[in-house]
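The sequence and the coordinates are shown below, and the description follows.

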Amino acid sequence: MAAAIKQEPRDRAWSEICDLGLQSHVADLDAHSFCVIPPEIANPNGLADRMLEALLDIAEKRNGERPDLETGATHANQPNMHFGAKNDRFGRDELKDQTPAVAPNIPEASDSPFGDRMHSIFFEDEVFADALINPPLLAIVTYLLGYSAVLSNMGCWMKGPNKSNFPLHTDAGGMPSPLPTMSYTAQCTYLLTDFDREKGATAIVPGSHKWCRNPVGIERDLSHHENAIPIEGKAGSLVVWPGNAWHAAYNRTAPGLRVSVTVYFCRPFMRPLEDFIGRVPQEMIDKYGPRLPMVLQQGCVPGYASQGDRISDTARAERVIDAFEADVGVGGLRDKDDQFH
Ligand SMILES: O=C(O)CCC(=O)C(=O)O
Ligand SMILES: [Fe+2]
C-alpha cells in the first residue's frame with residue numbers, strides 16, 4: 001500500500017490559519033507585535049465565562065474569600081510582597097497564590113503591579129484543557145513556534161484597583177539580548193473581563209518584537225515610554241504576542257477586577273515553567289486527541305537520572321510524536337531545519 005502523502009508543517013500551519021480566518025490577525029502580529037482575536041472566533045461555548053467561574057472558585061478555595069468582581073475590594077492595592085512573605089490581608093502564615101516577588105531589577109513599587117497570580121491551575125478544572133486545545137489559539141501558536149510547541153505555563157491574573165504599573169519586559173524566557181529574530185516563546189492571554197487603559201490593560205510597544213533585545217534601565221518604565229499603547233478588548237478576546245514584544249501593564253484606576261488567563265508556550269528544547277511530563281491522565285488524552293500530549297510536553301525528554309529513564313522517556317516521547325504525526329497527517333516534526341516543525 002502506498003504511504004499517505006504527508007503535509008509539510010509550514011503548509012499545514014498556514015492552511016489552519018486560513019481555515020480559521022486568522023490571516024489579518026497574523027498580519028497584525030507580524031507588523032505590530034500583537035493581535036486581538038475577537039470573542040466570535042476565540043470564545044467557543046462560553047469558554048471565557050466558564051474559565052472565570054472556575055477561577056473565582058479556585059481563588060475562594062486558595063485564599064479563603066471570594067473575589068469581588070464588581071468593586072475589586074478583595075484585591076485593591078495589594079501589598080507588594082516578596083516570595084514567602086506573609087500576606088496579612090488573608091491572615092495566614094502560609095502564602096497561597098498571592099502577590100509574587102518584585103524581581104530585583106524592577107524598581108520598588110508602592111503596591112503590587114500584578115495583583116493576585118494563581119499558578120498551577122491546569123488540572124483544577126477541565127475548562128483549562130478546552131482553553132489549551134482551542135483551535136485559534138493553537139493555530140497562532142503553531143504559526144509562531146511550530147507543531148512541537150509546548151505549554152510552559154498556564155496561570156491566572158486577578159488585579160484590583162492599584163497604583164503601580166508593571167514595567168516593560170519581554171517574555172523571551174530569560175534569553176539575553178540580542179534575541180533571535182525567530183520566535184522561541186509566545187504569550188497568549190484570554191481576557192475574562194474587558195481590557196482598556198482605566199481597567200489596567202496590558203501595554204505593548206508596537207513593532208518592538210523586531211528590535212530583538214530586552215528593554216533596560218529607564219526603557220522599562222512605562223510612564224516614560226511614549227510609544228506604548230493599551231491593548232483593548234472585550235471579555236472573551238484572545239490576545240497573542242511573540243516573546244520578543246516589549247509589554248507591561250497599566251495600573252487599574254477603575255473599580256472592579258481585571259481577570260485574565262495566560263497560556264505561555266516555548267519551543268520543546270527549552271525548560272518550561274510547569275512540569276507536565278508523566279502527569280497527563282490517559283482519559284484526558286483520549287478525550288482531547290494527540291495534540292494535547294504534544295503541547296503538554298509528553299513528546300519531550302526531561303532531564304534524566306538513570307540509563308533506564310533516558311531510554312523509557314525517549315521511547316514515550318517518540319510514541320507521542322508518531323501518534324500526532326499519524327493523526328494530523330503532518331510529517332517532519334523532527335526536521336529541525338523547518339521552523340514550523
Ligand atoms: O499584567 C499584564 O497585563 C501583563 C502580563 C505579562 O507580562 C504577561 O502576561 O506576560
Ligand atoms: Fe510578560
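This is a predicted model: local features need pLDDT of at least 70, side-chain atom pairs count only at pLDDT 80 or more; totals for chains, interfaces and linings use all residues.

In which loop is N45 found? N45 belongs to the loop between α3 (39-42) and α4 (47-63). N45 counts as exposed, because it has 10 C-beta neighbours inside 10 Å.

**Backbone features**

S33 likewise has a positive phi, of about 80°, although it is not a glycine. The residue sits in the loop between α2 (23-32) and β1 (35-37). S33 is buried, because 21 other C-beta atoms lie within 10 Å, where 20 or more are required. A positive phi, near 85°, also occurs at G146, which follows α6.

| Residue | Phi |
|---|---|
| S33 | about 80° |
| G146 | near 85° |

A further feature concerns a peptide bond: S177 and P178 are joined in the cis form, with omega of about -5°. P178 lies in the loop between β4 (166-169) and β5.

**Overall form and confidence**

The protein chain contains nine helices and 10 strands. Its radius of gyration is 20 Å, close to the 20 Å that the globule rule gives for 341 residues, so the chain is as compact as a globular protein of that length. Taken along the principal axes, the C-alpha atoms fill a box of roughly 65 × 40 × 40 Å. Of the 341 residues, 43% count as buried. Among contacts with a separation of 6 or more, 79% are between residues 24 or more positions apart.

The mean pLDDT of the protein chain is 90, and 90% of the residues score at least 70. Among the secondary-structure elements, strand β2 (residues 116-118) has the lowest confidence, at a mean of 87, while strand β8 (residues 238-242) has the highest, at 99. Over residues 92-96 pLDDT stays under 50, and the model has nine contacts beyond four places in sequence for this stretch.

Helix α6 (residues 135-145) is mostly covered, with 10 of its 11 residues buried. Among the buried residues of α6 are P136, L137, I140, Y143 and L145.

Strand β3 (residues 150-159) is largely enclosed by the rest of the structure, because eight of its 10 residues are buried. β3 runs antiparallel to β2, to which three bridges join it; within this pairing, R117 has W157 in β3 as its bridge partner. β3 is also antiparallel to strand β10 (residues 258-266), with nine bridges between them. There, K159 stands opposite R258 in β10.

Which residues are around ligand 1? They are W157, F166, D171, Q187, T189, T202, H247, A249 and T262. The elements that give two or more residues to this shell are β5 (185-191) and β9 (247-249). By class, the shell has three nonpolar, five polar and one charged residues.

Key. Residues are numbered from 1 along each chain as its sequence is written. Chains are lettered from A and ligands numbered from 1 in the order in which they are written. A residue is near a molecule or strand if its C-beta atom, placed from the backbone, lies within 6 Å of it. Helices (H or I, at least four residues) and strands (E, at least two) are DSSP runs, numbered from the N terminus. Ala, Val, Leu, Ile, Met, Phe, Trp, Tyr, Cys and Pro count as nonpolar, Asp, Glu, Lys and Arg as charged, and the others, Gly among them, as polar. The radius of gyration is taken over C-alpha atoms; the globule rule is 2.2 Å times the number of residues to the power 0.38. A residue is buried if 20 or more other C-beta atoms lie within 10 Å of its own, exposed if 12 or fewer, and partly exposed in between; C-beta atoms are placed from the backbone. Two residues are in contact if their C-beta atoms, placed from the backbone, lie within 7 Å. pLDDT is the predictor's confidence in each residue, from 0 to 100. Two strands pair if DSSP finds at least two bridges between them.
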